[in-house]
Amino acid sequence: MTTPSDPGRASSTWRADHPWAVIYDRVSGSDRLGALLWRVGAGSSLSVLHGRARDALVHAGTDATVLDIPCGGGVVLRDVPRGFAGRYVAADISPAMLRRTAEEAEHLALSHVEITEADVQALAFDHGTFDLVVAFTSLHCFPDPALALREIARVLRPGGRLSGSAFLNDAGPRFTPVILAGRALGLLGPSGTRKDLARWLADVGLVDVEITQAGGLTYFGARKPERAPDA
Ligand SMILES: C[S@@+](CC[C@H](N)C(=O)[O-])C[C@H]1O[C@@H](n2cnc3c(N)ncnc32)[C@H](O)[C@@H]1O
């Protein structure tokens, strides 16, 4: 049964462009307001996200094939390195968020961004398509984060990398009200703990797992082994 706090409905709430999605996008795109919201709501800094996104994109190289999911309003686009000439797919379940991504790509004069509606839990890309998947501020918004990671691992090429972040259930007692409010609004899924995250990544065959706490947010990185069967 769907209840007001049913974590299974998170994606449909985002898809319908809940008012919070509008606020989140506005605020995260603004340096001043974003800094404030992230400090108060997540005890963290947007600069950590941008630093990690930039590092991952630079490491992938200017001819990489990149999937940015969920791209939201295109927060990571500003981290695309100058001279990037690869394939950049920005995907999200929300058509409204994708429109915002399109506006951001235009604002940044990134003409080659492919904007695509997609459900991270059922991706329509072939196995081994991407050199890099970026999934920032992500897993807590999905009904089934383990399934999302399985799909992400599937579409990574052998040797490809994942870089992302999530609001996890063991972020600390200070963040419990934020998590409960997010669930009550239907915006947050079940998420998991850092231990769950490590297990989900291992279960889909990703290696070199790195998990780092930045305030209430957990950042993670991992690599698909060169010679592994598809997850
Ligand atoms: C908190 S925002 C994060 C967006 C962006 N990565 C960022 O860091 O600002 C979460 C995003 O997840 C998207 N989303 C929720 N469920 C999804 C799903 N099943 N597949 C793809 N995107 C989804 C929402 O539409 C929303 O844009």
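This is a predicted model: local features need pLDDT of at least 70, side-chain atom pairs count only at pLDDT 80 or more; totals for chains, interfaces and linings use all residues.
Glu-210 has a salt-bridge partner in Arg-52, with 2.8 Å from N to O. Glu-210 belongs to strand β6 (residues 207-214) and Arg-52 to helix α4 (residues 46-60), so this pair ties together parts that are 158 residues apart in sequence.

How many salt bridges does the structure hold? There are eleven.

| Salt bridge | N to O distance |
|---|---|
| Glu-210 and Arg-52 | 2.8 Å |
| Asp-79 and Arg-54 | 3.0 Å |
| Asp-208 and Arg-223 | 2.7 Å |

Take the pair of Asp-79 and Arg-54, whose closest N and O atoms are 3.0 Å apart. Asp-79 sits in the loop between β1 (65-68) and β2 (87-92), while Arg-54 is in helix α4, so the pair connects parts that are 25 residues apart in sequence. Is Asp-79 buried or exposed? Asp-79 is buried, with a relative accessible area of 1%. Arg-54, by contrast, counts as partly exposed at 40% relative accessibility.

Now for Asp-208 and Arg-223, which meet at 2.7 Å.

Strands of a sheet pair through backbone hydrogen bonds, either parallel or antiparallel. In this structure, seven strands form an open sheet with mixed pairing, in the order β3-β2-β1-β4-β5-β7-β6. Which strands stand at the edges? They are β3 (113-117) and β6; each has a single partner strand, so one side of each is left without a neighbour in the sheet. On average, neighbouring strands of this sheet are turned by 15° against each other, direction ignored.

One pairing is worth a look in the viewer. Strand β4 (residues 130-135) runs parallel to strand β5 (residues 156-167), and five bridges join them. Ala-135 has Gly-164, in β5, as its bridge partner.

The largest pocket holds about 740 Å³ of space. Its lining has 36 residues, and the closest to the pocket's centre are Trp-14, Trp-20, Tyr-24, His-140 and Cys-141. Four helices, α1 (10-15), α2 (19-28), α3 (31-42) and α7 (176-184), each supply at least two residues of this lining. Which element gives the largest share? That is α3, with four residues. By class, the lining has 26 nonpolar, seven polar and three charged residues.

The second largest pocket holds about 280 Å³. Among the residues that line this pocket are Arg-26, Gly-73, Gly-74, Arg-78, Glu-103 and Glu-104. The elements giving two or more residues to the lining of the second largest pocket are α2 and α5 (95-107), and α5 gives the most, with three residues. The classes here are one nonpolar, three polar and six charged residues.

Key
Residues are numbered from 1 along each chain as its sequence is written. Side-chain values use heavy atoms; hydrogens and water are left out. On a 1 Å grid over the protein atoms alone, a cavity is a set of points where a 1.4 Å probe fits but cannot get out, and a pocket is an open set with protein on both sides within 12 Å along at least five of seven lines; lining residues have an atom within 4 Å of a point. Grid points are joined across faces, edges and corners, and a volume is the space filled by probe spheres set on the points. Ala, Val, Leu, Ile, Met, Phe, Trp, Tyr, Cys and Pro count as nonpolar, Asp, Glu, Lys and Arg as charged, and the others, Gly among them, as polar. A salt bridge is a side-chain nitrogen of Lys or Arg within 4 Å of a carboxyl oxygen of Asp or Glu. Buried means under 20% relative accessible area, exposed over 50%, partly exposed in between (1.4 Å probe, protein chains only). Two strands pair if DSSP finds at least two bridges between them. Axes are lines fitted to C-alpha atoms, for helices over the stretch in contact, and angles run from 0 to 180 degrees between N-to-C directions.
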